[in-house]
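Welcome to this short tour. Keep your viewer open, and we will go from one selection to the next.

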Amino acid sequence: MRYITPLHHLLAFLLVLSMHAAAFAEAGDVTPEEAIRLINEATPQNELVILDIRTAPEFMMGHIQNAVHMNFYNSDFETQLSTLPRDKRYLLYCHSGSRSERALAMMRKMGFHHVYHLQSGIVGWYKADLPLEH
């Protein structure tokens with residue numbers, strides 16, 4: 001017969017805590033290489049929505065394949081963000097990372113937990129020689 005000791009309780013608690021932390025660690029800055037891995041690993045059950053938050057002319061010059069355009073400078077940008085499902089995963093990017101970093105903070109305040117931020121923006125994506133759609 002096995003006895004559950006306080007050590008077992010502590011280990012079980014730490015395991016649950018680490019699993020909980022891992023779920024919320026699924027947010028924050030990513031490199032272009034990490035972003036392409038996220039895109040390639042996406043499935044219908046584990047969808048990744050790519051949000052390009054640059055202006056329309058910037059978007060037209062080239063964007064990540066399947067990106068949804070949502071202009072950060074539109075007066076209703078925050079309202080548009082608030083209509084997005086909270087249970088999906090998102091990859092945000094702009095030109096160099098400044099706007100998308102601010103959008104990440106907005107989304108976190110709105111209760112989004114699975115949001116990635118392409119820290120170097122489309123500039124870093126381009127420098128990493130990753131494909132753009134026109």
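Start by selecting aspartate 29, which stands opposite histidine 117 in strand E5. What you have open is a predicted model, in which local features need pLDDT of at least 70 and side-chain atom pairs count only at pLDDT 80 or more, while totals for chains, interfaces and linings use all residues. Residues are numbered from 1 along each chain as its sequence is written, and side-chain values use heavy atoms, with hydrogens and water left out.

**The sheet**

Now select E1 and strand E5 (residues 115-118): they run parallel and are joined by 3 bridges. Strands here are DSSP runs (E, at least two residues) and helices are runs of H or I (at least four residues), numbered from the N terminus. Two strands pair if DSSP finds at least two bridges between them.

**Helix H2**

Next, select helix H2 (32-41).

Which side chains meet arginine 37 in a salt bridge? Show glutamate 41: the two side chains meet at 3.2 Å, N to O. A salt bridge is a side-chain nitrogen of Lys or Arg within 4 Å of a carboxyl oxygen of Asp or Glu. Both residues lie in H2, 4 residues apart, about one turn of the helix.

**The largest pocket**

Select Ile39, Ile50, Ile64, Gln65 and Asn66, which lie nearest the centre of the largest pocket among its 14 lining residues. A pocket is an open set of points on a 1 Å grid over the protein atoms alone, where a 1.4 Å probe fits, with protein on both sides within 12 Å along at least five of seven lines; lining residues have an atom within 4 Å of a point. Helix H2 and strand E2 (48-52) each give two or more residues to this lining.
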